[in-house]
Amino acid sequence: MNVAETARFACQGVTANKPRSALTTLGVLIGVAAVIILVAVGTGSSRSVSEQISKLGSNTLTVQASSTAAGGRGGPGGGFAPFAGPASSSSGSTTSQTATKTRTPQITLSDARAIATSKQAPDVLGVAPVVNASSVTATYDGASHSVGTTTGTTPAYLLIDNSSVHYGSAFTDADYTEHRRVVLVGQTVAQDLVGDDVEELVGRTISLNGISFRVDGILTSKGSTGPQDQDDRVVAPLTAVQDTLSGYGALSTISIKATSADTVTLAEGEVESILDARHQVTSTDRDYSVSSASSILSAATSSNRTFTVLLGAVAAISLLVGGIGVMNIMLVTVTERTREIGIKKALGAGRGDIVGQFLTEAVLLSLFGGVVGVVVGLVGSRFTIVGVQPTVAPYSVGLAFGVAILIGLFFGLYPANRAASLRPIDALRYE
């Protein structure tokens, strides 16, 4: 038989029992679609996290206290006008003991002052101390909202955080130094308080845990990172937040902006040098940590890559099961068509003709399942899944389809060889 005849006989064999062929291809279809969709979910999740981290900027640093290090003793604070106001100093947080000198690991306003005013940090462009108040409820005209994040900081924070004010204006250094109770409100908070017309809230007075704050501006929307809403926040002068919501104590973090993406490593070294001297620690026993957006992005990318591989592996298992289904049906087909095989051999069909026909049937089943599976996978990837907008990875489409064809060849080879090995006389006698 030539190729055309082999293909014609294979098509006849596949279409002879349409329901069975359809159910066989369903396994391959599900496997291919699952690979495409699950890899798309992993890729989409990775892209979403990368975009949110990138919004911080590639030249930002975050300093926070280490929860495990004992640390040394803090150094004295320095003056810096925008940071003026009550705050505990590093030396004030030191606890002396007879045998050892330790202190509770913490980052203070004095540390932020030292970094901002030091001549040893030429690659540091901006510094913003940050305190976070917890369990804050905003109320206005009978409406209330439990705020996700309440941040007390300086005007420089908006630049460092890549945030901007959409309506109204940001608070100023004068607001900070005068301890004025003004606030910038995220879009989610504003919508819960006044509805869709969030601009209406500008200039109005809201209550944060019963304390009045004037709304100076509405922050530009940043969207969500998975389940975390980046717009569910309020930002106010650190002095006002300490006066009313958080109390005076250690900072939550210090946000730092390097002069450029190329100087992040230099700025990180300069910050560590300043804090090492102040806290009397070394690189082996630091009571604080300095992280950069680029390092966080690298870790998140690596984690999401592993997550994507695991999802793809799970989907590949279903594709393998589909291949086993193809082999099972082809073995049944060989048994049912034993007499047909005997007649073809008696009429002069060679081993290669028989192998070619049954192998082509197996490939056709996988091919059809692969094509429909790709379509289903591409359509399914257009819908949001568990809060993630999938992003189709082109390689996953080619890989899933290619593997489906290979599965047809691999799992169809044994039934085809079994059919070709039948002796004509035995096949003709088969009942």
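1. Buried stands for under 20% relative accessible area, exposed for over 50%, and partly exposed for what lies in between (1.4 Å probe, protein chains only). In a regular strand, side chains alternate between the two faces of the sheet. Helices (H or I, at least four residues) and strands (E, at least two) are DSSP runs, numbered from the N terminus.

2. A word on the model itself: it is predicted, so local features need pLDDT of at least 70 and side-chain atom pairs count only at pLDDT 80 or more, while totals for chains, interfaces and linings use all residues. Residues are numbered from 1 along each chain as its sequence is written, and side-chain values use heavy atoms, with hydrogens and water left out.

3. Which strands does β9 pair with? With β11 (residues 211–219), β9 pairs in the parallel sense over four bridges, and V183 has V215 as its bridge partner there. With β14 (residues 233–237), β9 runs antiparallel, joined by two bridges; here L184 stands opposite V235. Two strands count as paired if DSSP finds at least two bridges between them.

4. Now the whole protein. It has 13 helices and 16 strands, and 46% of its 431 residues count as buried. Among contacts with a separation of 6 or more, 79% are between residues 24 or more positions apart; contact means heavy atoms within 4.5 Å.

5. Salt bridges come next: a side-chain nitrogen of Lys or Arg within 4 Å of a carboxyl oxygen of Asp or Glu. By this rule the count is seven. One of them joins the side chains of D111 and R278 at 2.7 Å, N to O. D111 lies in helix α3 (residues 109–117) and R278 in helix α8 (residues 264–279), so this pair ties together parts that are 167 residues apart in sequence. D111 is buried, at 0% relative accessibility, and R278 is buried too, at 8%.

6. What links D161, K222 and R233? A network of salt bridges does. Within it, the closest N and O atoms of K222 and D161 are 3.1 Å apart. K222 sits in the loop between β11 and β12 (224–225) and D161 in the loop between α4 and β8, so the pair ties together parts that are 61 residues apart in sequence.

7. S163 is worth a visit here, as its place is in the loop between α4 (156–160) and β8 (165–168). Is S163 buried or exposed? S163 is buried, with a relative accessible area of 12%. Its side chain makes a polar contact of 2.9 Å with that of R233. Such a contact is a pair of N or O atoms within 3.5 Å; within protein, one must be able to donate a hydrogen and the other to accept it, and residues adjacent in sequence count only if both atoms are side-chain atoms. Not counting residues up to four places away in sequence, S163 touches L158, K222 and R233.

8. Finally, look at N417 in helix α12 (residues 394–420). N417 is partly exposed, with a relative accessible area of 28%. Leaving aside neighbours within four places in sequence, N417 is in contact with R351 and V355. The C-alpha atoms of N417 and L359 are separated by 8.8 Å, although these residues are 58 apart along the chain.
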